[in-house]
Amino acid sequence: MREIILPRRMFLWSMAVIYLAAFVSLYMQIPGLYGNDGLLPARWQLRYSGKSLGEQLLSSPTLLWLGPRLGLDTHTAMELLCLIGAALSLAATLVEALRDSVVFFCLWALYLSMYQVGQVFLYFQWDNLLLETGFLCILVAPLTLIRGSRGVRAHDRVTFWLIRWLLFRLMFASGVVKLTSRCPTWWGLTALTYHYETQCIPTPLAWFALQLPVWWHKLSVVGTFVIEIAAPLLFFSPLRRLRLGAFYLQVLLQVLIILTGNYNFFNLLTLALCLSLLDDQHVHFWLRKADKISNNDSKLRSWLCYLLELAVWSLMIFGSVVCFDLKLDTTKNSISSRTAFTFHQFNQFLKTVTIPSIWIGVLSLTWEMVTAMFRCACVSGFLKRFWGTLQWTVFAAATVAMFTISLVPFSYIEFDSHARLWPGVRQAYDMVDRYQLVNSYGLFRRMTGVSGRPEVVIEGSNDGVSWTEIEFMYKPGNLSAAPAVLTPHQPRLDWQMWFAALGDQTQAPWFTSLIYSLLQGKRDVIELIQTDVSQYPFYQQPPTYLRAHRYRYWFTEPKADGSYPKRWWRRVYDEEFYPTVHLGSTFLESMLNQHGLKDKSPPRRMPNTTVAQTVRWVRSQVRGVPTHILIWTLIASSVTLCLLQGLQNRNKHTERTPLTYMAAGNDHRDNVPDDSSDHCGKSDEQQTAEEEEKKEDGQDSEDEVEEGGGEEKEDACDDEED
C-alpha cells in the first residue's frame, strides 16, 4: 500500500494558503459590508440579552461575543478576528510546524465566527465547503504543538480518507443536480453556450471560449457530466491508476473553470481536495525522483490490472457514446451529441447508485481502518503499540461519526434514499448543523441568463436631468472595460449584484441599504464599488438622486473579417429596477422601514483601547489597496519564501553529505546512531524497519556502505524537504 505522507503535507499547505486568501478577502470588505456604517451591520445579529457567555455561544457560535469583554465593538472585533486568522494562516504557510491541529482549529473557529454574522454576503457554497474542509483539517493535521513531532501516525490514512469522501460528495452532487433540476440547457447540452457570458464575473478568456463552435460546447457539457458523475466513482477504486486518472480529469475541469471564470478560492479548494487521490509514489514522479518501493507484483497480476483498467475506461467511453448519442460527422468535421435518456431513466439510475455508492464508501473506509489497525498492532514496544492503538480508536471513531452524519446532506440528491436513513443519523446531523461540519452541495444547478445576461446599472444625478452611471470595479458595466481577473478574491457586493439582477429588488433588501448609503456618501460602502474613491463619480459630493435600471448584456462577436471588436460587451435596455429616490423620499423610507434597515440607535463611540487603535492602524495601512493585488502579493511572497527555505535546507544537507560519507567509512557502527538520529520526520515504525534492515544487511563490505548509506539518507531527507 502506498504512503500518503507528501499528499497530506501538500494538502495542509494548500489549506493554509486558501485560508489566507479567504481571511484577507473578507477583511478588506468588512467596513463596507458589516461595519457600523456598512450595508448590513454585524451588530444587528448579536443581541446582548443578559445571557451567559455559554448560552450565547450555544445560540450563535461566534467569538464576537467576546468583543465587549475586550472593550471592542462588533466592527472592530470582526476586523481583529480576521487579522488573527490571516496572520495564523500566513504563519502556517511559512512554518510547517504550525500546520497543526490546534492552528487549524483556531482558523476554523475564526471563519465560523465570521460566517455566523455574515448574513447573505457569506451564504455561499464555497464558504460552507471551506468550513467543512477546515474542520477535517483538524483531524488530518498532526498535533505538532503538543506532541512535538510530525511523524507519521497509523491513523493518517483513515482521517485523510474523509477528504476523498468530501471530494466525491461535492463532485457527484454537482453533476447530479444539473439533471435533477430539469434545466433545459443542461438536458439540451447547450449550457456552455450561455455560461461563459452569464456567469457572475467572467475572465477575458471567457470571451474567446464563447466563440468556439456549438458542437464543441455540447461536447464539453458531455465531458462535464462524465467528469462529475462517472469519474467520482473511481475515487475509491483499489486500482491506483484508475484513481490517478480520475485525479487528472478533476484537475482538468477545475483548471478550465479557473481560466474562464472568477470563482474566488472555490476551485483552488477543490484542487486541494483532489490531492487526496494521490500517493507518495506519484509525487515522486512529479519531482523526478526514483521511487524506493520495489514492485513485487507478478506479471500475471500486472496484466490483469491493465486489462481491468482498460475495461473500465472503455466502459466509460462506451457509456458516454450511448447515453449522449455521440456521432462523428465527417462532412462538418464535428461531433454531434444529444441526451439519449429521459428524466425518468436518470431518476431510476440515481435510485440505483445512491445507496450502493454509500456502501462503496463504507467498504473503502473499513479497508483503511483495518489496515491502520494492523499497522498499530505491528509496532514494537508495548507502550508505543498501546498509544498508537488508543489514537487509532479515537480518530477512527471521529472518522466514522463524520462519515455517518455526512450521509444526510449527501442523500438529499435522491428522496427515497434520504427517507431510508436511520432517524438517529438525522438527529445527530441536526445537533451539529449550526457548526457547518457537513453540508450539501450542487453548483450550477440551473443556467441563468438564457435571454441575455441581466445586469443592474445604478445611475446618479445632482439635478435629476443628467445621469451618470456608477461603474463597479469588477462586475460588467462599462461596455469597453475588459473582464477582470481576481481569483482568489471574492468581491461579495459584486456577486450579490449579480443575484439581485435575476429577480426583483424586493428580493434583495440589502439593495435598498446600498442606495441609502450611496445617497449619504458613506466612504466604507463606496470603497466596495471602487477601491480608489477618486474613480467614483460622486466622491466629492454624494448624488442627490439615484435610480437603477436592468439591462441585458452579451459578449460581442468577432467582425466579419475576423478582427476583434473594440468593445467586450453589448447591451439593450430591459426595465426599471429601482425607481428614482432621494434622501427623505417616501418610497425609500418605506423600504427602509419595511426591511428594518434604518438604524435608530444612537451613534456608537469608537473604542480607544490599545487593541482597537492597533486594528485601526492596520486598516489605515491597507486602505486604497486593491484586494486581489494584496492577496496575490501575500501568496507570491509566501511561495517565494518557502522555495528559498527549501533551497537553503537542501544546500545545508549537501554540505553535510561528505561528513556522512567519512563517518560511514571510518566506523559503520558509529554511523548507525548518527543516521538514525536524523530521519527528517520519519515515523517510529519506519525507523525501526530501517534499523532492522541495517542489522541484516550491515555485514556487507564497507565499500557498499559508503556507496549506498549516505545516498539513501539524502533521498529520504530530500523527500521531506520537498
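**View 1. Ser364 counts as buried in this predicted model, with a relative accessibility of 12%.** Here buried stands for a relative accessible area under 20%, exposed for one over 50%, and partly exposed for values in between, using a 1.4 Å probe and protein chains only. Ser364 belongs to helix α16, which covers residues 343–377; helices are DSSP runs of H or I with at least four residues, strands are runs of E with at least two, and both are numbered from the N terminus. When residues up to four places away in sequence are set aside, Ser364 touches Trp161 and Phe236, a contact being heavy atoms within 4.5 Å. Because the model is predicted, local features need a pLDDT of at least 70 and side-chain atom pairs count only at pLDDT 80 or more, whereas totals for chains, interfaces and linings use all residues. Residues are numbered from 1 along each chain as its sequence is written, and side-chain values use heavy atoms, with hydrogens and water left out.

**View 2. The ring of Phe168 pairs with that of Phe410 in a tilted arrangement.** Rings of Phe, Tyr and Trp (the six-membered ring in Trp) are paired when their centres lie within 6.5 Å, and planes under 30 degrees apart are called stacked, those over 60 edge-to-face, and the rest tilted; this rule gives 53 aromatic pairs. In this pair the ring centres are 5.8 Å apart and the planes stand at 45°, which is why the pair is classed as tilted. Phe168 comes from helix α7 (residues 156–180) and Phe410 from helix α17 (residues 382–410), so the pair ties together parts of the chain that are 242 residues apart in sequence. Both Phe168 and Phe410 are buried.

**View 3. Phe247 and Trp286 form a further tilted ring pair, with centres 6.0 Å apart and planes at 40°.** The pair links distant parts of the chain, since Phe247 lies in helix α12 (residues 240–260) and Trp286 in helix α14 (residues 280–286), 39 residues apart. Phe247 is buried, with a relative accessible area of 5%, whereas Trp286 is partly exposed at 34%.

**View 4. A cluster of aromatic residues is joined through ring pairs.** Its members are Phe124, Trp126, Tyr263, Phe266, Phe444, Trp495, Trp498 and Phe499.

**View 5. Arg547 takes part in a salt bridge with Glu459 and has its charged end over the ring of Trp467.** A salt bridge is a side-chain nitrogen of Lys or Arg within 4 Å of a carboxyl oxygen of Asp or Glu, and for Glu459 and Arg547 the N to O distance is 2.7 Å. Glu459 sits in strand β3 (residues 453–461) and Arg547 in strand β5 (residues 545–555), so that this pair links distant parts of the chain, 88 residues apart. Glu459 counts as buried, at 7% relative accessibility. The charged end of Arg547 lies 4.0 Å from the ring centre of Trp467, and a charge is said to sit over a ring if NZ of Lys or CZ of Arg is within 6 Å of the ring centre and within 35 degrees of the ring normal. Lys475 is likewise placed over the ring of Phe472, at 5.2 Å from the centre.

**View 6. A salt bridge joins the side chains of Asp156 and Arg8, with 3.8 Å between N and O.** Asp156 is in helix α7 and Arg8 in helix α1 (residues 5–34), and the pair links parts of the chain that are 148 residues apart. Asp156 and Arg8 are both buried. The structure has 23 salt bridges by this rule.

**View 7. Arg523, Asp524, Glu527 and Arg623 are connected in a network of salt bridges.** Arg523 and Glu527 are four residues apart in helix α22 (residues 523–529), and so are separated by about one helical turn. Arg523 is partly exposed, with a relative accessible area of 43%, while Glu527 is buried at 19%.

**View 8. The largest cavity has a volume of about 230 Å³.** A cavity is a set of points on a 1 Å grid over the protein atoms alone where a 1.4 Å probe fits but cannot get out, and lining residues have an atom within 4 Å of a point. Of the 20 residues lining the largest cavity, Met28, Glu527, Leu528, Thr531 and Thr627 are the closest to its centre. Helix α1 gives the largest share of this lining, four residues.

Conventions
On a 1 Å grid over the protein atoms alone, a cavity is a set of points where a 1.4 Å probe fits but cannot get out, and a pocket is an open set with protein on both sides within 12 Å along at least five of seven lines; lining residues have an atom within 4 Å of a point. Grid points are joined across faces, edges and corners, and a volume is the space filled by probe spheres set on the points.
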